[in-house]
Amino acid sequence: MWTRSNANITNKNTPFITKIVNISIRQAYVPTVLKKAVINPLIKKLTLDSQIYKNFRPVSNLGFLSKVIEKVIAMQLIDYIYINKLQLKLQSAYKKYHSTETAILKVSNDILSAIDNKKCVILILLDLSAAFDTIDHDKLLNHLTVNYGIEGMALKWLRSYLTERTQTVKIKDVKSREHTLKCGVPQGSVLGPLLFTMYTSSLGELIQRHGIKYHLYADDTQLYLDVDPHCKTDIKDSLDKIKKCLVEIRSWMIENCLKLNEEKTEILILGTAQHTKLLNISSIDICGKDIRIANSAKNIGFTLDPTLQLSHQVNNVCKTCYYHIRNIWRIRKSLNVESTKTLVHAMVMPRLDFMNSLYFGLKNSEIQKLQKVQNAAARLVVLATRRAHITQHLHDLHWLPVRQRIKYKMILTTYKCLHGMGPDYLIDLLELYKNERNGLRSEDTKLLKEPLSRLTSFGDRAFRTAAPCLWNKLPFSIRDLDSTATFKKKLKTYLFNEHFN
């Protein structure tokens, strides 16, 4: 399976690095010196108690050469998986064209569509304890052989990579003694996360057997099930289905040396206020532990609430952005306009744009909160007063307002899906419009079929409905573009002119 490296490192050390990588592949051996990790514990959240060890993340610092070799192997392993169509469709971690945003966009689409069809959705966010650290090496290697067909020198190299690994913990200038690892893949490595997703790939099949929808992102597992709140039998059957599935998941994890953390597992009931009240569920039994229904939950860095109005998420974004704006303001007198703009683009705008395609169709009051943040950032750059009219400043800075930024992300995602640069689970939600006369796809106009929906606050926000609606409103001259760079430029100009003209 492995081929020789095509390393493209343009410096004088290139021949030596290339030779080391090729020898490692040819001999199916990873030198022990490259398997020594130094761990600098990083606290997961600043608000957590630093005296409790489980609040720290054990990220492994590995040598440059070790990561170069891993990168070469990872690229070949990913190519092998794609060529042989072995990838798990609903696993979004460490895959080209996939991200946390595309994962949540798919889950959000399914939930909004279900609510639009007068259903409620039970969403369960499973948490694993020290997932990367407990992987059994023999089970992993056997899984790679049986389910992925990896054998021979490739399997031998992976065995060498996994065994005889050591680590030391470093806190300030103090180091612990060296410890040999008997299980797990290192966090902070290039290959470790990929091996973890391959190790847990059979989990998806297990969940599907129970008729429950799911989506995976590394060790984050999302289960969700539509429930008819008007039918008591359906409610009972759905709860039984969930319980049976979770019992089997727990057994699967024990068998594979993983641990389900029931304490950190969260459950949300999503739907209209009227329907969630009809459902009348206050808690769900998960493997003998009663888990109460949450008022909000963070899912892969994005906070969801029961009615999907995203107030908690918007408020958190605004709070963080204002914190950075205040800090930049303290040193503003020492900065010129360009430097200030650079800081704003680095510390404020990415937070405003983070997963912003999910904000499409939100209430004006929520969008206005985000727009006020952008207005404050613009005033900071141009040193305008609070009372100054902001529209002209946004125009001069050539910044798309928040609502246009949301449209931009949604349309760009649609473009990528139509050109094979999006995940399959989003591509499947889009359908080219068919000409009623001859039954042929109208590729000349590149229009998408617009599904019908009932509720503007739910169905119209789903990706399957929102994406075609926005796409079809674009001029044909933009829809017909094949260059991504040109499309981005033309799209921004179009949305900019749409707002300011």
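Two strands are taken to pair if DSSP finds at least two bridges between them. Helices (H or I, at least four residues) and strands (E, at least two) are DSSP runs, numbered from the N terminus. This is a predicted model, in which local features need pLDDT of at least 70 and side-chain atom pairs count only at pLDDT 80 or more, while totals for chains, interfaces and linings use all residues. Residues are numbered from 1 along each chain as its sequence is written, and side-chain values use heavy atoms, with hydrogens and water left out.

Strand β9 (residues 213-217) pairs with β10 in the antiparallel sense, over five bridges. Within this pair, Tyr 214 stands opposite Leu 223 in β10. The hairpin of β9 and β10 has two residues between the strands, and Ala 218 takes a positive phi near 55° there. Strand β5 (residues 120-126) also runs antiparallel to β10 and is joined to it by seven bridges. Here Leu 123 stands opposite Tyr 224, and Leu 125 opposite Gln 222.

These strands belong to an open sheet of four, in the order β9-β10-β5-β11, with antiparallel pairing. Its edge strands are β9 and β11 (266-270), each of which pairs on one side only. On average, neighbouring strands of this sheet are turned by 15° against each other, direction ignored; axes are lines fitted to C-alpha atoms, for helices over the stretch in contact, and angles run from 0 to 180 degrees between N-to-C directions.

Two helices are placed against these strands. Helix α8 (residues 232-255) packs on the sheet and touches β5 and β10, its direction making about 160° with that of β10; contact means heavy atoms within 4.5 Å. Helix α7 (residues 202-209) lies across β9 and β10 and runs at about 165° to β9.

Why is strand β10 largely enclosed by the rest of the structure? Six of the eight residues of β10 (residues 220-227) are buried, so the strand is largely enclosed. Buried means under 20% relative accessible area, exposed over 50%, and partly exposed in between (1.4 Å probe, protein chains only).

Thr 134 is found in the loop between β5 and α4 (137-148). With a relative accessible area of 26%, Thr 134 is partly exposed. Not counting residues up to four places away in sequence, Thr 134 touches Cys 183, Gly 184, Cys 257 and Leu 258. A polar atom of the Thr 134 side chain lies 2.9 Å from the backbone oxygen of Cys 257.

Key: A polar contact is a pair of N or O atoms within 3.5 Å; within protein, one must be able to donate a hydrogen and the other to accept it, and residues adjacent in sequence count only if both atoms are side-chain atoms.
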